[in-house]
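Here is a short note to read beside the structure, written as numbered points. Please keep the sequence and the 3D view open as you go through them.

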Amino acid sequence: MATVSVGHSAKGLDKNKSEELIGFEEAMERLSREDRFRATVYAMNTLLVQKGIYSPEEFEFQFRQFAQKNLK
């Protein structure tokens, strides 16, 4: 798996996509605080699943467990 430099736009890791990703700094400037948080959570979960740290099913279980505790 390739590593993408934080400060630079880079082609997507999917070699079938020809468009470039938005630059990190530009994304930070253009996204709202809430969207930056959501992007961070998305990126972290994606990496953790791809690296086999946990499965999508384990993530879903933890998510549901949190929701149940907090919706009481």
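1. By about how many helical turns are Asp35 and Arg38 separated in helix H2? The model is predicted, and in it these two residues sit 3 residues apart in helix H2, which spans residues 33-50, so that about one helical turn separates them.

2. Asp35 and Arg38 are joined by a salt bridge, in which the closest N and O atoms are 3.2 Å apart. In general, side chains of opposite charge can pair when their charged atoms come close.

3. Asp35 counts as partly exposed, with a relative accessibility of 29%, whereas Arg38 counts as exposed, with a value of 52%. The labels differ because exposed means over 50% relative accessible area.

4. The search of the whole structure finds 2 salt bridges, and another pair to look at is Arg30 with Glu26, whose closest N and O atoms are 2.8 Å apart. Both residues belong to helix H1 (residues 24-30), where they lie 4 residues apart, about one turn of the helix. Arg30 counts as exposed at 62% relative accessibility, while Glu26, at 36%, counts as partly exposed.

5. As for the chain as a whole, it holds 3 helices and 0 strands, and reading along the sequence gives the pattern α-α-α. Of its 72 residues, 7% count as buried, and the chain exposes about 6,800 Å², of which carbon and sulfur atoms supply 57%.

Notes. Residues numbered from 1 in each chain as written. Predicted model: local features only at pLDDT ≥ 70, side-chain atom pairs only at ≥ 80, totals over all residues. Heavy atoms only, no water. Buried < 20%, exposed > 50% of the residue type's maximum accessible area, 1.4 Å probe, protein only. Areas by Shrake-Rupley, 256 points an atom, 1.4 Å probe, with all protein chains shown as cover. Salt bridge = Lys/Arg side-chain N within 4 Å of Asp/Glu carboxyl O.
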